[in-house]
Amino acid sequence: MSTPIVIADDLWEGDAEAVITSWLVSDGAEVAAGDLVAEVMSEKAQFEIEAPAAGVLKIIEEEDAVIAKGAVIGQVE
Amino acid sequence: MNGIARFSVGAGLNAERALLQRVCDGLFDCQLLLWRPTGQALVMPGSFERRPGFALASQRCAAQGWPILLRDTGGEPVPQSSAVLNIALACALPAGDEVGKRIDIAYERLLEPLALWLAENGLKAGVGAVPGAFCDGRFNLTLEGRKLAGTAQRWRRSRDGRPVVLAHAALLIEDWREPMADVVNRFYHACASDLRCQAGSHLALAERLADAWATATSLPECYQRVLAWQGLELGARASTYPPEGLAAGRHSPLL
């Protein structure tokens, strides 16, 4: 059972894309629900992304990847 | 006390982090910090550390008197010096405030008091991108089509789950346009980047307003006044914003 880390539709307005500026946790690391795992930037605004569940982090989109709303950037297994 | 703190650039960045933390911790719903650097540095998002050539660029900039410091907001490299007035506004938003948590509304909340203050001093500001400006973006504060202030944001959640935004503006007061554009271009060159900026894309407030620093001492009062129109009380502990009938995201008549 895995839980996707999804860029929420309401994280920012409009259709502007964002960039993953950093993963704060390494691929394969244990995370708890609510832990900060990544940061993304759109329109010079930096957002924090939290782990949606406890488990092992699997990174799908690497740092500097350009993403849209709804993108699955990783999962917690 | 004129409401403008003096910090080294590093201490100023830390003061902004502490400001955001206080609001995230629920100590305040809205706080403002105005500060002016005592030294100088080239400030950029932490993700720049991964760029090829960063170490070399960092050494070269430091050797020219512009050490590199990392910030928590987005964007591109920005020179900070005693020529700059930094304005940081941290606000916690109600959980259901869909308008207030928009990026553009958070920029408007930051820039509307600045625009009013400029208008009261006979200057008509705009908002928009400025080709050739360093750290360009759609939410620059402009004068005569040139960049007067750059902006950025950082979003977090408060302990009780509300969205919290730190919106920041770097307002160029004194005319350091040439050395600032020069150090940014040297950084890009050392990183083998093709990006370049031009001093002429910027404008310093002192080029249009005499006694700009002295006049800036009235900015905190202007923020207090404009934010009060939106139901925000600077330094207030309560979390009743926005009061019934006041929309945090109402459209600004100035911008």
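Three bridges join β5(A) to strand β9 (residues 146-157) of chain B, and the two run parallel. Two strands count as paired if DSSP finds at least two bridges between them. Helices (H or I, at least four residues) and strands (E, at least two) are DSSP runs, numbered from the N terminus. This is a predicted model: local features need pLDDT of at least 70, side-chain atom pairs count only at pLDDT 80 or more, and totals for chains, interfaces and linings use all residues. Residues are numbered from 1 along each chain as its sequence is written, while chains are lettered from A and ligands numbered from 1 in the order in which they are written.

**Contact between the chains**

- In β9(B), W155(B) is the bridge partner of F47(A).
- Twelve residues of chain A are in contact with 19 residues of chain B. Contact requires C-beta atoms, placed from the backbone, within 7 Å.
- On the side of chain A that touches chain B, β2 (18-23) and β5 of chain A are the elements that give two or more residues. The largest share, four residues, comes from β5(A).
- By class, this side of chain A has four nonpolar, three polar and five charged residues. Ala, Val, Leu, Ile, Met, Phe, Trp, Tyr, Cys and Pro count as nonpolar, Asp, Glu, Lys and Arg as charged, and the others, Gly among them, as polar.

- E39(A) stands opposite E48(A) in β5(A).
- Two residues lie between the strands of this hairpin, and E43(A) takes a positive phi near 55°.

**The open sheet of chain A**

- Four strands of chain A form an open sheet in the order β1-β8-β6-β3, with antiparallel pairing.
- Its edge strands are β1 (3-6) and β3 (30-31) of chain A, each pairing on one side only.
- β3(A) pairs with β6(A) (residues 55-59) in the antiparallel sense over two bridges. There, V31(A) has G55(A) as its bridge partner.
- Strands of a sheet pair through backbone hydrogen bonds, either parallel or antiparallel.

**Chain A as a whole**

- Chain A has zero helices and eight strands.
- The radius of gyration of chain A is 12 Å, close to the 11 Å that the globule rule gives for 77 residues, so it is as compact as a globular protein of that length. The radius is taken over C-alpha atoms, and the rule is 2.2 Å times the number of residues to the power 0.38.
- Its C-alpha atoms fill a box of roughly 30 × 20 × 20 Å, taken along the principal axes.
- Of the 77 residues in chain A, 31% are buried (20 or more other C-beta atoms within 10 Å of the residue's own, with C-beta atoms placed from the backbone).
- Among contacts in chain A between residues at least 6 apart in sequence, 50% join residues at least 24 apart.
- An unreviewed UniProt entry annotates residues 2-77 of chain A as "domain: Lipoyl-binding". The end C-alpha atoms of that span lie 4 Å apart, and it is 0% helix and 49% strand.

**The largest nonpolar core**

- This core has 97 residues, and C91(B) and L171(B) have the most contacts inside it. A nonpolar core is a set of buried Ala, Val, Leu, Ile, Met, Phe, Trp, Tyr and Cys residues joined through C-beta atoms within 7 Å.
- Helix α3 (residues 103-120) of chain B gives the largest share, eleven residues.
- Not counting residues up to four places away in sequence, C91(B) touches V23(B), D29(B), C30(B), R109(B), V164(B), V165(B) and L232(B).

Technical notes: A residue is buried if 20 or more other C-beta atoms lie within 10 Å of its own, exposed if 12 or fewer, and partly exposed in between; C-beta atoms are placed from the backbone. Two residues are in contact if their C-beta atoms, placed from the backbone, lie within 7 Å. UniProt positions are given in the numbering used here, feature names are shortened, and annotations may be inferred rather than shown by experiment.
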